[in-house]
Amino acid sequence: MEWTLISTRDKDKKEISYTDALLKGLAPDGGLYVPTEYPQVSIEELKAMEKMSYPELAFEVKKKLVGGAIPDEDLKTLLKNAYVESKFNSQNLNTVPVQEIEKDLFIQNLSLGPTAAFKDMALQSLGQEMNYELSKRNEKLIILGATSGDTGSSAEAAVKGLGKITLFMLSPKTGMSDFQKAQMGSLSGGNIFNISVNGRFDDCQDLVKKLKQDSEFSKLGAVNSINWGRISSQIPYFFSGYLQVIKNIGDEIDFVVPTGNFGNILSGYIAKKMGLPIRKLIIATNENNVLDNLIKTGIYEITPAQITSSPSMDISKASNYERLLFDIVDRNAETVIKYMGKFKETGKVDFKDFGVDFSIFRQNGFYSDSSTHQDRINTIKQLYKETGKIIDPHSADALTVAKRYKTNDGIPMICMETALPVKFEEIIKEALGFAPEREERFIGIEKNINPNNFYEISNNEDELKEYIRKNI
Ligand SMILES: *Cc1c(COP(=O)(O)O)cnc(C)c1O
C-alpha cells in the first residue's frame, strides 16, 4: 500500500508515495496531493489511543496516512524526535493539552512548540521526515516558502541546521508583528534565507507558485500547508483533543478553528473522514471573510486582503480549499481544473455554475462565521475576566465564533488555540491594559531585529530567481 496520493488536477489519477509528495509539495500540474482514499480508524483503535502519549498517538494516526512509505519503526522515531519535551513546553508528552473554560467549551493549546505557533505541530515533524527521506535518497532540497508571519519562524526553527535542506522564506514587508520579525530574523543564516517582499502575503504565495511552474525551479520543495506532510501532521491533534474531552468514545464533538489558508480545518475534515466522530467543523475568520462567504453562499470570491489584528489569517484566497473541493465534485479533476481556472481568471466562482448545491458544506459538517477587531478585544477581555486566561487574537476569533454557535445540547466544543498571546502583545495591551507575561525564552527578543537579516525585493519573480541562484 505504498502508492497513496493523487493530485487534485490529474485526470489520470496517477498515484505517488507519501515521501514523494513530501518532497514535491505542489503537484507538477498545479494541483494538491490528497489520499486516494481516507484510511479508517475504528472505535477499538480510538480506545487504544486514549492512554497514549502524543507522539505515540501521532504515530498511530500518521502511519495510516504514510502507507508504508516510511518504515513504522523509523516513523515512530521521527515523531518522537519531533515532539520531544525539550522543544514542546509540555508535560508528560501531552503536547496539545485541553482546558475547559466553561461547561462543554474547551480550548486546545496547539502552540507550545519552539515558536509558540500551532504550525510547529506540523513543521517539526515535516522537517524531520524530509531530512530523513533526503538522507535515504542521498539528495538535497531547496525549499521556497511564503509566510504571513507564523510559518516563517516555525519552518525555520524546524529545518535550521538540517544538512539536506536550504530554506528561502518570503514574507510581506508589512503586517508582521515585531515579535514575529525578530523570531524570523534571529534564525537567518546558515541554511536559512529570509526575503522581504514589497507586497502582501498573497503576493508572496503567488511568487512561490510562479517559480514552481518554471522548469528551472520546478523541483523546489514547500513548507506551506500545500505540502501534504503538513496537513497529515495536523490530523492527530484532532484525535488527541477528542480523546481528552469526550465522555464515551463514539460521542460527537464540535471543533472551531481559526482559519486562513484552510489547512488546519481541512485536517479536521480528514480526521472526520477517517472516522473521528466530529459533528461540526466551524470555520472562524477575521475581517478577511472569503471563506465565511463561501460556506454561507457557495460563492468563492477573492477580496483584497486587509491587514488585521489577527494577521496570520489575512488571506484573500485559501489554497487548501481545493482539497475539499476535489471531494465535493466527486473527485473529478476536470471539474477542479475548470473551477480553479474560472477563479483564477475572474476572481469569482459560484457553485451554481457547476450544478453543485452549496448545502454540501453543511452535509460535510462545515459552518462558519467571521469576527472583527472589536470582537477579538471583547473576547480577550471577557475570557480574562472569567478565567484569568489570556489568548492570542487568532484564538480570540475562534472563541468569538464558538460562543455564537454554542448551545446547551451537551455536545462538547473545542476551540483551537493557534498561537501564544506573547506573539501579539499590541492587541493584548489594547484589550487588557498590560502585556502578557513572557517566558524566559522570549524576553527581549525584539532586540534581535536587524534589517540585514532580510533581503528586500519588490513583488517580482526575476529578482527572486536571481537571489536564489546567487545563494545556492
Ligand atoms: C497559520 C495560522 C492560522 C491559520 O491556519 P490555516 O491552516 O492557514 O487555516 C491561524 N492562526 C495562527 C496563529 C496561524 O499562525
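Which of the 15 residues around the ligand come nearest? In this predicted model, they are K119, D150, G260, N261 and T418, where a residue is taken as near a molecule if one of its heavy atoms lies within 4 Å of it. Residues are numbered from 1 along each chain as its sequence is written, and side-chain values use heavy atoms, with hydrogens and water left out. Because the model is predicted, local features need pLDDT of at least 70 and side-chain atom pairs count only at pLDDT 80 or more, whereas totals for chains, interfaces and linings use all residues.

The shell around the ligand consists of five nonpolar, eight polar and two charged residues. In this division, Ala, Val, Leu, Ile, Met, Phe, Trp, Tyr, Cys and Pro count as nonpolar, Asp, Glu, Lys and Arg as charged, and the others, Gly among them, as polar. The ligand takes up the space of the largest cavity. A cavity is a set of points, on a 1 Å grid over the protein atoms alone, where a 1.4 Å probe fits but cannot get out, and a molecule sits in a cavity if more than half of its atoms lie within 2 Å of its grid points.

Polar contacts within the protein were also examined. Such a contact is a pair of N or O atoms within 3.5 Å; within protein, one must be able to donate a hydrogen and the other to accept it, and residues adjacent in sequence count only if both atoms are side-chain atoms. K64 is placed in helix α3, helices being DSSP runs of H or I with at least four residues and strands runs of E with at least two, numbered from the N terminus. The side chain of K64 makes a polar contact of 2.9 Å with the side chain of E45, and a polar atom of the K64 side chain lies 3.0 Å from the backbone oxygen of Q40. In helix α15 (residues 373-387) is T379, whose side chain is joined to that of T400 by a polar contact of 2.7 Å. T379 is buried, at 11% relative accessibility; buried means under 20% relative accessible area, exposed over 50%, and partly exposed in between (1.4 Å probe, protein chains only).

Most residues other than glycine have a negative phi. A116, which is not a glycine, has a positive phi of about 65°, and D330, likewise a residue other than glycine, has a positive phi near 55°. A116 is found in the loop between β5 (105-109) and α5 (119-137) and is buried, with 0% relative accessibility. D330 lies in the loop between α12 (321-328) and α13 (333-346) and is exposed, with a relative accessible area of 69%.

Two further loop residues were considered. L420, in the loop between β14 (413-417) and α17 (425-432), is buried at 11% relative accessibility. The C-alpha atoms of L420 and S111 are separated by 6.1 Å, although these residues are 309 residues apart along the chain. A69, in the loop between α3 (54-66) and α4 (72-82), is buried with a relative accessible area of 7%. Its C-alpha atom is separated by 21 Å from that of D10, 59 residues away along the chain.

How values were computed. 1 Å grid on protein atoms, 1.4 Å probe; cavity = no way out; pocket = protein on both sides within 12 Å on 5 of 7 lines; lining within 4 Å.
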